[in-house]
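Here's a quick briefing for anyone opening this structure for the first time. Take a look at it, then read on for the main points.

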Amino acid sequence: MTRRETTRVRRLFNGFNPIVRGNGNGHHTDRRSPVDGIAGGAERPISSPQEGGRERPRRSTLNPSRPEQFDVIVVGAGPAGSAAALVTARAGLKVLLLERGEYPGSKNVSGAALYGSAILHDLIPNWWEQAPVERYICRRMLSFMSPETSVSLDFRSTTYAEPPYNGFSILRPKFDRWFAAQAEAAGAFLLNAAVVDDVLWDDGRVIGVRVRREAGDICANVVIACDGANSFLAKKAGLQREFHTHEMSLGVKEVIGLDEQTICERFQLTGGEGVAIEYLGAITGEVHGGGFLYTNRDSLSLGVIGQISSFVEHRQRPYELLERFKAHPSVAPLVRGGTLREYSAHIIPEAGWDMLPQLYTDGMLVAGDAAALCFVAGLYFEGINYAIQSGLAAGETAIAAHRASDFSVQTLARYTEHLRQRQVLTDFERYRHTPGFINSARLQNLYPAVIAHGAERLFRVDGRGKQKLLPIAWETLRHFELKPFQVLQDLYRAGRSFGW
Ligand SMILES: Cc1cc2nc3c(=O)[nH]c(=O)nc-3n(C[C@H](O)[C@H](O)[C@H](O)COP(=O)(O)OP(=O)(O)OC[C@H]3O[C@@H](n4cnc5c(N)ncnc54)[C@H](O)[C@@H]3O)c2cc1C
């Protein structure tokens, strides 16, 4: 943007003191500010739907002669939003990326293990060479915990240590800022400290958004809502219902500083190698959830995630679980001597296929966590890669709509095809039974303890004769009062969730 344009944008967003950055490579040759003329919005108010209602108003209060200002408005500069803004800006569309935080990532919380490096590699070749990544993840562990014991599945592969790598640990404030800058470099306009409060309607069609300020109405042919879990915008547009507490989890996370050499020694890593550990069982007590620990360059990211309904039911506080997790005999030696750098908390939509909203309407698409596209399936905890994939799919849909000059619900419905081509809806559909199984009481509260108890018996040497596996298994089941038909039932559910 020229200095004059920047001044206009600043004036428009007066009072928010937004950080406005230029478009980087000058893709936009239009010398008008992308927000020219918007200030008139205060005098000509645009209708908005009723609070939280799913009814879309058909009444038009919009002056039809008013020019639309952007081709695409993306709300939220998380991974979904930056991916959508990047791909649409690259296609030459005039794109506005609105972020409520002081800068992208300033309010965002993740583990964060970013899987699917190859997806970003397709978009930005060798992206890891320029992005602020911490460590490439070449070792993954799944630990089943009882209060005293842990049994782990430990996977390590040298193939994950080769470009394009399988995944990286990242710190979201750094990564999101970098990713949004790529969208800017492609020509998108990023406006920080811009809280979107509403969608604008004209004759039942979404035609823009209302930013929290006087005269903050901005129009576009397509609005892409990437405003994260519990999306305010998707609800305003009548696309998403209110969630049940069993569909949402709360994650609390700490970043603990530890020097690089100590991390390498403790986790048996060399150079840029990293490990991602997921924990199930006693660390969350009766609360349905789990824990995670990821190695960064000179810090550890660790946290606990629990279903909101079970936090309430068992009257547990998230930070108490986090303290219990850090004190567990298998975790305490890993974090010993570290210093707390950061504490954060965020909700996670984790019911998968069953909670997906309507993904599009006239003039609007929903992507990432806003569309509940977070893949939480026991073995997998992947939200960032699905946010990027769905952001790209939404961007591709918006590009096709612009080529056809048709932003109707019929054209935007092709979003689902793009999501299938990018394996998003296919994955969620394939694993649709998994979240319910993973959150079942026996799997959460009993089996990790069963596995830990069985292993304890298996490896104990106390002078008594050695038993074979079947008697140990039988004695363990009896100890936990598990009936054979319950085990068979769970084996079937496990098969349906992960097997076929
Ligand atoms: C504790 C925890 C650990 C996790 N660990 C992992 C992990 O290891 N790996 C993984 O893949 N996933 C993980 N996830 C899930 C992952 O964080 C999300 O799936 C992912 O961030 C979704 O990206 P998004 O762009 O859709 O939304 P977000 O990252 O939430 O971004 C939404 C953006 O929209 C902005 N915004 C919101 N409302 C408005 C508004 N009204 N106006 C303007 N801007 C707005 C926000 O400030 C934010 O920048 C974790 C989540 C949590 C909570």
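Let's start with helix α2, residues 79-90: its 12 residues reach 16 Å from first C-alpha to last, close to the 16 Å expected at 1.5 Å a residue. That expected span is 1.5 Å times one less than the number of residues. Helices (H or I, at least four residues) and strands (E, at least two) are DSSP runs, numbered from the N terminus. Keep in mind that this is a predicted model, in which local features need pLDDT of at least 70, side-chain atom pairs count only at pLDDT 80 or more, and totals for chains, interfaces and linings use all residues. Residues are numbered from 1 along each chain as its sequence is written.

**Around helix α2**

- Since 11 of its 12 residues are buried, α2 is largely enclosed by the rest of the structure. Buried means 20 or more other C-beta atoms within 10 Å of a residue's own, exposed means 12 or fewer, and partly exposed is in between, with C-beta atoms placed from the backbone.
- The buried residues of α2 include Pro 79, Gly 81, Leu 86 and Val 87.
- Those buried residues pack against β2 (70-75), β3 (95-98), α3 (117-123), α4 (172-185), β11 (217-225) and α10 (384-404). Two residues are in contact if their C-beta atoms, placed from the backbone, lie within 7 Å.
- Just after α2, Gly 92 takes a positive phi of about 90°.

**Ligand surroundings**

- The ligand is surrounded by 41 residues, and the closest are Gly 76, Gly 78, Gly 111, Gly 368 and Gly 383. A residue is near a molecule if its C-beta atom, placed from the backbone, lies within 6 Å of it.
- α2 turns up here too: it is among the elements giving two or more residues to this shell, along with β12 (248-257), β15 (299-307), β16 (339-349), β20 (381-382) and α10.

**Core**

- The largest nonpolar core has 134 residues, and Ile 73, Val 95, Leu 97, Val 223, Ile 224 and Leu 365 have the most contacts inside it. α10 gives the most to this core, with 10 residues. Such a core is a set of buried Ala, Val, Leu, Ile, Met, Phe, Trp, Tyr and Cys residues joined through C-beta atoms within 7 Å.
- Leaving out residues up to four places away in sequence, Ile 73 touches Leu 96, Leu 98, Gly 208, Val 209, Ile 218, Ala 220 and Val 223.

- Most residues other than glycine have a negative phi, and most peptide bonds are trans.
- A cis peptide bond joins Gly 111 and Ala 112, with omega about 10°; Ala 112 sits in the loop between β3 and β4 (113-115).
- Pro 163 and Pro 164 are also joined by a cis peptide bond, with omega about 5°.
- Asp 203 isn't a glycine, yet its phi is positive, near 50°. With 15 C-beta neighbours inside 10 Å, Asp 203 counts as partly exposed.
- Ser 405, in the loop between α10 and α11 (409-412), has a positive phi near 50°. Ser 405 counts as exposed because it has 8 C-beta neighbours inside 10 Å.

**The whole chain and confidence**

- The protein chain has 17 helices and 20 strands, and 50% of its 500 residues count as buried.
- Mean pLDDT is 86, with 86% of residues reaching 70 or more; pLDDT is the predictor's confidence in each residue, from 0 to 100.
- Over residues 1-65, pLDDT stays under 50.
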